[in-house]
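Please keep the structure in view while working through the points.

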Amino acid sequence: MSGDDYFDERIAARYDESSGDMFAPDVVDPVVDFLAELAGEGRALELVIGTGRIAFPLAQRGVRVHGIDLSTAMVARLREKPGADEIGVTIGDFATTRVGGTFAVAYLVFN
């Protein structure tokens, strides 16, 4: 079973809009503050990066972010956004997929 079985293009196309409250600054900013502090000068690994709700503002704070996600449709939406080239993404199951390097913090949010 692939990630697109659950988060296909139909869902990815409306995900940011349908989860609008979760993109509000009063929700995102405290999470990003906390993760940036934990990451310090290190890298951050987001499990289920999706469309980049947390990854983008974290990267804008200077944290190097890499994500893992099963859904190619969700990652395609992430890749359409400005600044996406600064965020690494590996397609796969976050329980078994390996990513090179070390990370100061690994996180999973929203789900």
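The numbered points below go from the overall fold to single residues.

1. Basis of the note. This is a predicted model, in which local features need pLDDT of at least 70 and side-chain atom pairs count only at pLDDT 80 or more, while totals for chains, interfaces and linings use all residues. Residues are numbered from 1 along each chain as its sequence is written, and side-chain values use heavy atoms, with hydrogens and water left out.

2. Overall content. The protein chain contains 4 helices and 4 strands. Here helices (H or I, at least four residues) and strands (E, at least two) are DSSP runs, numbered from the N terminus. Read from the N terminus on, the order of elements is α-α-β-α-β-α-β-β. Of the 111 residues in the protein chain, 37% are buried. The term buried means under 20% relative accessible area, exposed means over 50%, and partly exposed lies in between (1.4 Å probe, protein chains only). Among contacts in the protein chain with a separation of 6 or more, 59% come from residues 24 or more positions apart; a contact means heavy atoms within 4.5 Å.

3. The sheet. An open sheet is formed by 4 strands in the order β3-β2-β1-β4, with parallel pairing. Strands β3 (88-91) and β4 (105-107) stand at the edges, where each has a single partner strand, so one side of each lacks a neighbour in the sheet. From one strand to the next, the twist averages 20 degrees. Two strands count as paired if DSSP finds at least two bridges between them. Strands of a sheet pair through backbone hydrogen bonds, either parallel or antiparallel.

4. Strand β1 and its partner. Strand β1 (residues 44-47) is joined to strand β2 (residues 65-69) by 4 bridges, and the two run parallel. Leu-47 has Ile-68 as its bridge partner in β2. In a regular strand the side chains alternate between the two faces of the sheet. In β1, Ala-44 and Glu-46 point one way and Leu-45 and Leu-47 the other way, and all are buried.

5. A helix on the sheet. Helix α4 (residues 72-79) lies across β2 and β3, and runs at about 165 degrees to β3. For such angles, axes are lines fitted to C-alpha atoms, for helices over the stretch in contact, and angles run from 0 to 180 degrees between N-to-C directions.

6. Helix α2. Which residues of α2 are buried? They are Val-28, Val-32, Leu-35, Ala-36 and Ala-39. These residues cover an arc of only 100 degrees around the axis, which puts them on the same side of α2; the arc is that of the directions from the helix axis to the C-beta atoms. An α-helix has 3.6 residues a turn, so residues three or four places apart point the same way. On the other side of α2, Asp-26, Phe-34 and Glu-37 are exposed. The cover over the buried residues of α2 includes α3 (55-60) and β4. Just after α2, Gly-40 adopts a positive phi of about 55 degrees.

7. Salt bridges. How many salt bridges does the structure hold? There are 2, a salt bridge being a side-chain nitrogen of Lys or Arg within 4 Å of a carboxyl oxygen of Asp or Glu. Arg-61 pairs with Asp-33, their closest N and O atoms being 2.5 Å apart. Arg-61 lies in the loop between α3 and β2 and Asp-33 in helix α2, so this pair ties together parts that are 28 residues apart in sequence. Arg-61 is partly exposed at 43% relative accessibility, and Asp-33 is partly exposed at 40%. Glu-80 forms a salt bridge with Arg-77, with closest N and O atoms 3.8 Å apart. Glu-80 is exposed at 57% relative accessibility, whereas Arg-77 is partly exposed at 23%.

8. Val-48 lies in the loop between β1 and α3 and has a positive phi of about 65 degrees although it is not a glycine. Val-48 is partly exposed, with a relative accessible area of 31%. Is Ile-49, in contrast, buried or exposed? Ile-49, found in the loop between β1 and α3, is buried, with a relative accessible area of 2%. Leaving aside residues up to four places away in sequence, Ile-49 touches several residues, including Ala-55, Ile-68, Leu-78 and Val-89. Ile-49 and Met-74 are 25 residues apart in sequence and 8.4 Å apart in space, C-alpha to C-alpha.
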